[in-house]
Amino acid sequence: GPAAADGASAKHAVDLAVKEVNDSGGIRGKKVELIVYDDRLNPQEAVAIANKLIEKDQVVGVASGSYSGPTRVAAPIFQKAGMPMVAGYAVHPDVTWDPKQKKPNDYCFRNGFLGEIEGAAAAEYAVKNLKAKKMSLIFMDNDFGRAISAGFASHAEKLGATILVKQMYKFPGEKDFRPFLTRIKEGNPDLIFAAGYYNEAAAIVRQSKELGIKAPIMGEEGFDSPKFLEIAGSAAEGVIIATNLDRDDPRPLVQNFLKNYRQAYGEDADMVGASSYDAFMILVNAIKEAGTAPSAIQKALLATKDYNGLTGKISRFVQGEVVKPVQIQVVKEGKFRRLGVVDNPEVITPPTKK
């Protein structure tokens, strides 16, 4: 699909995780068999895959390394079947919540951030640390872009900042961002918040430079890819992102993963891979504790506390939503490096729905 590199990252990272688990004796003495399908960022494909995993493959759990569109249509299928699913990085609220029944999809969990949480954390950092007072937004017209930019705008305004303009571009297909960026430039913002996947993100930062825009650009996890750095080139320098992978986290778990990934695949790991690795390992942890009965796995997932994840310490899940700090990275000399962290409980704790 249009974000194939992310699919490859997800699969590569989980392949490493499976090898680690099986090399250390598997789960309760049994080797893990990984069954992989590519949904190609296509919701119809995701529905067929979800049904196949349940009926034909009879899996015991699902780690979903995919975006919001496919994940939110697959989630109700797993929920109905009582099949535990941990989404690596889809941001839409309907992954863990059933809007029709107005109740949680209590077999569905998310290791990545809700769009509104990640957006709010980016705004928290923009206003409190970068001292931005006037901001403009440019985001893609899909679940991801709308959710994350709405979270950013809402929290920025709550903190007293002004949102000058909101520019939404079509996805897939938009390649020329100059008309949107020209409008943004006219407002002379202190900061631009941009939401897009690696291709769009790279085009936005390159075209901003061409137009002589001086305002810093803040992105989100869609920027968090070696492809973004490669396509954007020198224009990526200084770009700040909110994400969940801290490359400078000193924990051996993180540094070993980064080293092993580079050795295995010849490129740097990204948040997509790290999030998918965590989604898989969270499931493994639950199965180790509870066995393979789906209801027992679900209970173990609900009881997760202070889990030492690759993408940060997960203090708990709230209605399937992760509670963990949001990482702020900056591009320095062509690499993502630590800039800060947002761990304010008011910002990173997902709202409880009724």
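Modeller: Take H1 and H9, whose crossing is right-handed. A crossing is right-handed if the near helix is turned clockwise from the far one by less than a right angle, and left-handed if anticlockwise. The model is predicted: local features need pLDDT of at least 70, side-chain atom pairs count only at pLDDT 80 or more, and totals for chains, interfaces and linings use all residues. Residues are numbered from 1 along each chain as its sequence is written, and side-chain values use heavy atoms, with hydrogens and water left out.

Helix H1 covers residues 4–23 and helix H9 residues 252–265. Both are DSSP runs (H or I, at least four residues), numbered from the N terminus. Their axes lie 11 Å apart, and the packing angle is about 110 degrees. That makes H1 roughly perpendicular to H9 (65 to 115 degrees counts as roughly perpendicular). Axes are lines fitted to C-alpha atoms over the stretch in contact, and angles run from 0 to 180 degrees between N-to-C directions.

Now the residues. H1 brings Ser9, His12, Ala13, Asp15 and Leu16. They meet Phe257, Asn260, Tyr261, Ala264 and Tyr265 in H9. Contact means heavy atoms within 4.5 Å. By class, this contact of H1 with H9 has six nonpolar, three polar and one charged residues. Ala, Val, Leu, Ile, Met, Phe, Trp, Tyr, Cys and Pro count as nonpolar, Asp, Glu, Lys and Arg as charged, and the others, Gly among them, as polar.

Notes: Helix = DSSP H or I, 4+ residues; strand = E, 2+ residues; numbered from the N terminus. Parallel < 35°, antiparallel > 145°, perpendicular 65-115°, else oblique.
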